[in-house]
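Work through the exercises below with the coordinates open. Try each task before reading its solution.

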Amino acid sequence: MEQLIEKTMYATRWLMAPIYLGLSLALLALGIKFFQEVLHIVPVIFSMKEVDLILVVLSLIDISLVGGLLVMVMFSGYENFVSRMDIDDNGDKLGWLGKLDSNSLKNKVAASIVAISSIHLLKVFMDTQNIPNDKIMWYLLIHLTFVLSAFAMGYLDKITKDASKKDNF
């Protein structure tokens with residue numbers, strides 16, 4: 001009976017596979033939004049102010065960072081929690097594939113969120129004349145919360161690794 005329960009529980013990891021596949025639809029949506037933004041600026045690029053162009057470019061960078069985050073979560077989450085990906089080593093395989101454990105993934109996601117938040121905060125600072133000061137303060141506070149959280153997670157991971165090294169000696 002115990003073996004049946006354990007095998008059933010282990011097999012339920014496959015319930016995550018459609019979720020990771022669903023993230024690819026979110027990636028497709030981001031791609032569509034990216035090119036929609038590009039198509040919006042093409043006809044007016046020569047009449048745009050430099051600041052407005054920079055804001056659009058920052059939005060495109062933001063979209064690409066979120067896309068990279070999605071790819072990282074999809075692939076590494078699938079490999080860590082569902083099954084190994086059987087991809088030929090013909091040079092097309094991503095270098096980090098199969099090397100990110102759940103702690104590394106967590107830290108990379110936190111760092112990506114900080115990067116995305118930084119881009120968003122830069123957009124806010126580029127447009128300060130149109131944003132009330134109290135909202136700027138909230139954006140900054142939220143960003144600092146992300147930074148401190150990422151730092152704390154990285155620091156805790158370092159402490160854990162250092163402790164496990166000491167235990168192994």
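The exercises that follow use a predicted model.

**Exercise 1. Helix 4**

Task: Compare the end-to-end reach of helix 4 with its expected span, and list its buried residues.

Solution: 
- Step 1. Helix 4 covers residues 102–126. That is 25 residues.
- Step 2. From first C-alpha to last, helix 4 reaches 36 Å. At 1.5 Å a residue, 36 Å is expected, so the two values are close.
- Step 3. The buried residues are Leu105, Asn107, Val109, Ala110, Ser112, Val114, Ile116, Ser117, Ile119, Leu121, Lys123 and Val124.

**Exercise 2. A nonpolar surface patch**

Task: Which residues form the nonpolar patch on the surface, and which helix gives the most to it?

Solution: 
- Step 1. The members are Ile113, Met137, Trp138, Leu141, Ile142 and Phe146. Together they have about 560 Å² of accessible area.
- Step 2. Helix 5, residues 133–168, is the main contributor, with 5 residues.
- Step 3. Ile113 belongs to helix 4. Its relative accessibility is 33%, so Ile113 counts as partly exposed. Patch membership requires over 30%, and Ile113 has 33%.

**Exercise 3. The salt bridge**

Task: How many salt bridges does a search of the whole structure find, and how accessible are the partners?

Solution: 
- Step 1. The search returns 1 salt bridge.
- Step 2. It joins the side chains of Glu79 and Arg84, with an N to O distance of 3.9 Å.
- Step 3. Glu79 has 10% relative accessibility and counts as buried. Arg84 has 56% and counts as exposed.

**Exercise 4. A buried loop residue**

Task: Where is Leu100, and what surrounds it?

Solution: 
- Step 1. Leu100 lies in the loop between helix 3 (50–81) and helix 4.
- Step 2. A relative accessible area of 10% makes Leu100 buried.
- Step 3. Not counting residues up to four places away, Leu100 touches Met72, Ser76, Asn80 and Lys108.
- Step 4. Ser118 is 18 residues from Leu100 along the chain, and their C-alpha atoms are 24 Å apart.

**Exercise 5. Annotated spans**

Task: Where does UniProt place the feature "transmembrane region", and what is the helix content of residues 12–34 and 54–75?

Solution: 
- Step 1. The unreviewed UniProt entry gives residues 12–34, 54–75 and 138–156.
- Step 2. Residues 12–34 are 83% helix and 0% strand, with end C-alpha atoms 35 Å apart.
- Step 3. Residues 54–75 are 100% helix and 0% strand, and their end C-alpha atoms lie 32 Å apart.
- Step 4. Gly68 is in helix 3. At 39% relative accessibility, Gly68 counts as partly exposed.

Definitions and conventions: Residues are numbered from 1 along each chain as its sequence is written. This is a predicted model: local features need pLDDT of at least 70, side-chain atom pairs count only at pLDDT 80 or more; totals for chains, interfaces and linings use all residues. Side-chain values use heavy atoms; hydrogens and water are left out. Patches are made of residues with over 30% relative accessible area and no salt bridge: like charges are joined within 9 Å, nonpolar side chains (Val, Leu, Ile, Met, Phe, Trp, Tyr) within 5 Å. Accessible areas come from the Shrake-Rupley method with a 1.4 Å probe; for residues, only the protein chains shown count as cover. A salt bridge is a side-chain nitrogen of Lys or Arg within 4 Å of a carboxyl oxygen of Asp or Glu. Helices (H or I, at least four residues) and strands (E, at least two) are DSSP runs, numbered from the N terminus. Buried means under 20% relative accessible area, exposed over 50%, partly exposed in between (1.4 Å probe, protein chains only). UniProt positions are given in the numbering used here, feature names are shortened, and annotations may be inferred rather than shown by experiment. Contact means heavy atoms within 4.5 Å.
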